[in-house]
Amino acid sequence: GWRSRAAFKLIELDDRFHLIQPGMRVVDLGAAPGGWTQVIVKRGASRVVGLDLLPVDPVAGADVIEGDFTDPEMPEKLISLLDGKADLVLSDMAPNTTGHAPTDHMRIIGLAEEALHFAFEILAEGGGFVAKVFQGGSEKAMLETMKQAFTLVRHAKPPASRKDSSELYVVATGFRPDRLKQAQ
Ligand code: SAM
């Protein structure tokens with residue numbers, strides 16, 4: 001069985017966008033308790049690292065790290081564990097909620113933006129990026145950056161995501177590091 005209900009969201013996203021391909025190197029940000037990590041391994045990725053602030057019980061076929069993705073040493077650590085740059089960076093990260101909707105929205109977007117810049121450091125050319133955002137889509141600036149740096153940027157709300165939650169995922173494919181350099 002899957003360790004989390006969240007696993008079904010990734011299954012649905014992957015059924016629709018075919019993100020995980022056999023042999024890929026994949027990073028799972030905000031992995032605890034490990035549902036997405038299980039799905040990534042099951043779908044044939046060859047090197048998988050799940051990372052969370054909280055401990056994650058071992059997942060066969062993956063490495064799990066307890067730590068903060070914003071740790072300056074993390075990109076290098078992940079590239080070394082994956083034995084190369086990542087083909088896919090997935091983030092189901094969520095900050096602790098305050099109950100104050102505007103604050104929570106800002107925090108989740110901040111986290112997604114940080115995850116995007118993290119992905120720029122570890123993604124191989126042609127790679128993909130998925131992050132949890134909020135309804136209304138990504139922040140304009142983030143979306144613009146993503147459109148520069150990826151061939152295709154889409155939003156999706158997987159059916160397993162509660163209808164009454166404003167959670168949404170941004171799905172970017174076809175990383176173009178050369179375009180990124182021009183934009184910055
Ligand atoms: N996808 C997971 C699964 O299927 O089991 C569920 C992820 S849960 C919704 C979000 C996670 O993001 C939390 O476990 C939280 O600790 C983690 N998180 C939040 N900020 C983080 C950070 N800066 N670095 C690493 N993990 C973080």
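Predicted model: local features only at pLDDT ≥ 70, side-chain atom pairs only at ≥ 80, totals over all residues.
Two residues are taken to be in contact if their C-beta atoms, placed from the backbone, lie within 7 Å. Lys 132 sits in strand β5, which spans residues 123–134. Leaving aside residues up to four places away in sequence, Lys 132 touches Ser 91, Asp 92, Met 93, Ala 94, Ile 108, Ala 112, Glu 167 and Tyr 169. Lys 132 counts as buried because it has 22 C-beta neighbours inside 10 Å, where the cut-off for a buried residue is 20 or more.

Strand β5 belongs to an open sheet of seven strands, arranged in the order β3-β2-β1-β4-β5-β7-β6 with mixed pairing. The edges are held by β3 (63–66) and β6 (150–156); each has a single partner strand, so one side of each lacks a neighbour in the sheet. On average, and ignoring direction, neighbouring strands are turned by 15 degrees against each other. Within the sheet, β1 (residues 25–29) pairs with β2 in the parallel sense over five bridges, and Asp 28 stands opposite Gly 50 in β2. Helix α1 lies across β5, β6 and β7 (167–175), running at about 40 degrees to β7.

Attention now turns to the ligand. Around the ligand are 22 residues, of which Ser 4, Ala 6, Gly 30, Gly 35 and Asp 92 come nearest. The elements contributing two or more residues to this shell are α1 (6–17), α2 (35–42) and β2 (47–52). By class, the shell comprises 13 nonpolar, five polar and four charged residues.

Technical notes. Residues numbered from 1 in each chain as written. Near = placed C-beta within 6 Å. Helix = DSSP H or I, 4+ residues; strand = E, 2+ residues; numbered from the N terminus. Nonpolar A, V, L, I, M, F, W, Y, C, P; charged D, E, K, R; others polar. Buried ≥ 20, exposed ≤ 12 C-beta atoms within 10 Å, placed from the backbone. Pairing = 2+ DSSP bridges. Axes fitted to C-alpha atoms, helices over the stretch in contact; angles between N-to-C directions.
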